[in-house]
Amino acid sequence: MKISFGAYAEQWITGSVIKPTMEDLYRRLLKNHFAPAVGNRSLTGIREADVRRWRKDRLAMVGPSTQALGEARRVARGGQADETSGA
């Protein structure tokens, strides 16, 4: 079953045991950074090179102090693993 990145990220956030402040951060990242770029793309359609390119572009816009982009990248990698394992 193919799932969009946006749908996966929402499921991941909702299903994770995280502090409310982190949940808010992840939701903001999804809304402001990921959804506009890849929210509707299937997880299998997003490659590691796409994530690296996206991250580089975002860091250039917001600056390297934005640690949250590393966390967002982790979500994307987790989604790729879930999609390829059939989860």
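The bend at a residue is the angle between axes fitted to the seven residues ending there and the seven starting there.

**View 1. Helix 2 has a kink centred on leucine 30.** This is a predicted model, in which local features need pLDDT of at least 70, side-chain atom pairs count only at pLDDT 80 or more, and totals for chains, interfaces and linings use all residues. Residues are numbered from 1 along each chain as its sequence is written, and side-chain values use heavy atoms, leaving out hydrogens and water. Helix 2 covers residues 20-38 and kinks by about 45 degrees. Helices here are DSSP runs (H or I, at least four residues), numbered from the N terminus.

**View 2. Meet the largest nonpolar core, with 15 residues.** Such a core is a set of buried Ala, Val, Leu, Ile, Met, Phe, Trp, Tyr and Cys residues joined through side-chain atoms within 4.5 Å. Phe5, Leu30 and Phe34 are among those with the most contacts inside the core. Helix 2 gives the most to this core, six residues.

**View 3. Phe5, Phe34 and Trp54 form one aromatic cluster.** Rings of Phe, Tyr and Trp (its six-membered ring) pair if their centres lie within 6.5 Å; planes under 30 degrees apart count as stacked, over 60 as edge-to-face and the rest as tilted. Phenylalanine 5 and phenylalanine 34 make a tilted pair, 4.8 Å centre to centre with 35 degrees between the planes. The centres of phenylalanine 34 and tryptophan 54 are 4.2 Å apart and their planes lie at 20 degrees, so this pair is stacked.

How values were computed:
Helices (H or I, at least four residues) and strands (E, at least two) are DSSP runs, numbered from the N terminus. Buried means under 20% relative accessible area, exposed over 50%, partly exposed in between (1.4 Å probe, protein chains only).
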